[in-house]
Amino acid sequence: MEDCLFCKIVKGIIPADKVYEDENFLAFKDINPKAPVHLLIIPKKHYATINDIPDTEMEIIAEIHRVIKKLAQDFAVAESGYRILANVNREGGQVVYHVHYHLIGGRLLRG
């Protein structure tokens with residue numbers, strides 16, 4: 001998508017503090033962190049929302065969770081605990097319309 005912020009990060013047009021990258025995924029630090037560890041994990045392929053992922057491509061959700069698991073270990077929050085969050089559409093709190101997960105941890109999370 002031409003105007004998608006995260007697509008521009010994938011293409012290197014907009015800089016990000018990248019912490020992981022492979023053929024299909026990119027992870028980077030959130031610019032407005034809610035905890036000591038606050039990462040965004042995105043598929044490089046553009047899907048506006050989870051609802052837009054075709055059934056034939058849903059394996060991407062399992063794959064992104066594998067990346068999240070690795071990052072939780074790399075950032076030393078796997079044992080203490082962390083939150084995974086994906087917002088869908090406006091009333092779900094989605095601001096950037098490119099599928100992404102937040103990995104949040106490094107302190108006690110409430111609510």
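Tutor: A salt bridge is a side-chain nitrogen of Lys or Arg within 4 Å of a carboxyl oxygen of Asp or Glu. Here the side chains of Asp17 and Lys29 form one, at 3.9 Å from N to O. This is a predicted model, in which local features need pLDDT of at least 70 and side-chain atom pairs count only at pLDDT 80 or more, while totals for chains, interfaces and linings use all residues. Residues are numbered from 1 along each chain as its sequence is written, and side-chain values use heavy atoms, with hydrogens and water left out.

Student: Which parts does the pair of Asp17 and Lys29 tie together?

Tutor: Helices (H or I, at least four residues) and strands (E, at least two) are DSSP runs, numbered from the N terminus. Asp17 lies in the loop between helix 1 (5-11) and strand 1 (18-21), and Lys29 in strand 2, so the pair joins parts 12 residues apart in sequence.

Student: Is Asp17 buried, exposed or partly exposed?

Tutor: Buried means under 20% relative accessible area, exposed over 50%, and partly exposed in between (1.4 Å probe, protein chains only). Asp17 is partly exposed because its relative accessible area is 44%; Lys29 is partly exposed at 37%.

Student: How many salt bridges does a search of the whole structure find?

Tutor: The search finds five. Among them is Glu21 with Lys44, whose closest N and O atoms are 2.9 Å apart. Glu21 is in strand 1 and Lys44 in the loop between strand 3 (37-43) and helix 2 (59-74), 23 residues apart.
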